[in-house]
Amino acid sequence: QVQLVESGGGLVQAGGSLRLSCTASGRIFSIGVMGWYRQAPGKQRELVATISGSGSTNYADSVKGRFTIFRDNAKKTVDLQMNSLKPEDTAVYYCNANLNTGASSLYNYWGQGTQVTVSS
């Protein structure tokens, strides 16, 4: 069974840091773009950051300079280091990845989500 499993969410004060981790498991032949998205209560899910297999990154304007996305292709992981957290960063954070599970195409997978709460 192919899945993405996140960890590292929690409660932190404004100005603090958290690191989210996501591991892809199962029968995976290759991984395309990996990324993190978030969804705050009453809002649509939005992109936070993505990273390609070659390491090219893309960030939402709201997190540039504060968040950094990392990936380890050998371990099939993608991490999100979040610094200088703000209350408006409070949301459920979801890992996302395009995975080749044996077919010729990449399919998009989502993790179950991890809660990040930033108190003021």
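**From the buried strands to the pocket**

Threonine 50 is buried, its relative accessible area being 13%, where buried means under 20% relative accessible area, exposed over 50% and partly exposed in between, with a 1.4 Å probe and protein chains only. This is a predicted model, in which local features need pLDDT of at least 70 and side-chain atom pairs count only at pLDDT 80 or more, while totals for chains, interfaces and linings use all residues. Residues are numbered from 1 along each chain as its sequence is written, and side-chain values use heavy atoms, with hydrogens and water left out.

Threonine 50 belongs to strand β5 (residues 46-51); strands are DSSP runs of E with at least two residues, numbered from the N terminus. Apart from neighbours within four places in sequence, threonine 50 has contacts (heavy atoms within 4.5 Å) that include Val33, Met34, Gly35, Tyr37 and Ile69. Glycine 35, a residue of strand β4 (residues 30-39), is also buried, at 2% relative accessibility. Not counting residues up to four places away in sequence, glycine 35 touches Ala49, Thr50, Ile69, Tyr94, Cys95 and Asn96.

The torsion about the S-S bond is about -80°, so the disulfide is left-handed. Cysteine 22 is buried at 0% relative accessible area, and cysteine 95 counts as buried at 0% as well. Glycine 35 and cysteine 22 are 13 residues apart in sequence, with their C-alpha atoms 9.4 Å apart.

Strand β9 (residues 91-100) pairs with strand β10 (residues 107-110) in the antiparallel sense over four bridges, pairing being assigned if DSSP finds at least two bridges. Leucine 99 stands opposite tyrosine 107 in β10. The hairpin has six residues between the strands, and glycine 102 takes a positive phi near 125°.

The largest pocket is lined by 13 residues, of which Arg38, Lys43, Glu46, Glu88 and Asp89 lie nearest its centre. A pocket is an open set of points on a 1 Å grid over the protein atoms alone, where a 1.4 Å probe fits, with protein on both sides within 12 Å along at least five of seven lines, and lining residues have an atom within 4 Å of a point.

Key
A disulfide is a pair of cysteine sulfur atoms within 2.5 Å.
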